[in-house]
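Good morning, everyone, and thank you for making time for this.

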Amino acid sequence: MIRIIIAEDQRMLLGALASLLNLETDMEVVAQASNGEEAVTLVKRHQPDICIMDIEMPVKSGLEAAEEIKDLGCKVIILTTFARSGYFERALKSGVRGYLLKDSPIEELAGSIRSIIAGRRIFAIELVDEAYGEENPLTEREKEVLGLIADGKNTKEIAGQLYITTGTVRNYISVILDKLKATNRIEAIMRFKEKGWFK
């Protein structure tokens, strides 16, 4: 019997997924979580074979939770509506074994679970196409600067925190806006977020 935990913050979808997977003769949903932190706790408690997770959940995202449980012997499948390049990159780094779209038929999900248990990795082609369509254009330092801007820090505070001059910070901001084709800081943050590139 394949033991499964599902983590999804939309209650109706969570219940429906659990009911449908429990109809499979070789599968049993042993627990359900409504956020990533709960998922990590339940994986430690129940030691399932598979954990199916949404990405965008409260408290802790599916990708953060996947990172935490990758060494617990539980294979993670991300089930998402978001085809974002940054998410896919992070999923691969977190050791995720499956990355599938929520609008896939339940038979496809059940088949993917069996394949992943057998040692394969399964990634929806639409997600792979999107992921390799665009890479994050910012350097590590530029990402750091944008992260501090997103945290509400001003130019002087960023300069102080990174031990650089305010002029250097302004240069970084100019390059970031150019690379992200944004007209201001807010737009740059939004574009970066939309791509799923924030850690």
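Predicted model: local features only at pLDDT ≥ 70, side-chain atom pairs only at ≥ 80, totals over all residues.

**The sheet and its charges**

Let us begin with the open sheet, which has six strands in the order E2-E1-E3-E4-E5-E6 and parallel pairing. Its edge strands are strand E2 (27-33) and strand E6 (122-123), each of which pairs on one side only. Residues are numbered from 1 along each chain as its sequence is written, and side-chain values use heavy atoms, with hydrogens and water left out.

A word on terms: helices (H or I, at least four residues) and strands (E, at least two) are DSSP runs, numbered from the N terminus, and two strands pair if DSSP finds at least two bridges between them. In general, strands of a sheet pair through backbone hydrogen bonds, either parallel or antiparallel.

Now to the pairs themselves. Strand E1 (residues 2-7) runs parallel to E2 and is joined to it by six bridges, and Arg-3 has Glu-28 in E2 as its bridge partner. Strand E3 (residues 50-53) and E4 also run parallel, joined by four bridges, and there Ile-50 has Lys-75 in E4 as its bridge partner. Is strand E4 (residues 75-80) mostly covered or mostly open? Strand E4 is mostly covered, since five of its six residues are buried, where buried means under 20% relative accessible area, exposed means over 50%, and partly exposed is in between (1.4 Å probe, protein chains only).

Let us move to the salt bridges. A salt bridge here is a side-chain nitrogen of Lys or Arg within 4 Å of a carboxyl oxygen of Asp or Glu. How many salt bridges does a search of the whole structure find? The search finds ten.

Helix H7 (residues 140-150) holds both Glu-140 and Lys-143, which lie three residues apart, about one turn of the helix. These two form a salt bridge, with their closest N and O atoms 2.8 Å apart, and Glu-140 counts as exposed because its relative accessibility is 60%. Arg-141 and Glu-144 form another salt bridge, with the closest N and O atoms 3.2 Å apart. Because Arg-141 and Glu-144 are three residues apart in helix H7, about one helical turn separates them. Arg-141 is partly exposed, with a relative accessible area of 28%, and Glu-144 is partly exposed as well, at 38%.

A further salt bridge is formed by Lys-179 and Glu-142, whose closest N and O atoms are 2.8 Å apart. This pair links distant parts of the chain, with Lys-179 in helix H9 (residues 166-179) and Glu-142 in helix H7, 37 residues apart. Is Glu-142 buried or exposed? Glu-142 is buried, because its relative accessible area is 6%, whereas Lys-179 is partly exposed at 30%.

I will finish with helix H5 (residues 106-117), in which Gly-111 is found. Gly-111 counts as partly exposed because its relative accessibility is 28%. Gly-111 and Ile-122 are eleven residues apart in sequence and 9.9 Å apart in space, C-alpha to C-alpha. Glu-108 also lies in helix H5, and Glu-108 counts as partly exposed because its relative accessibility is 43%.
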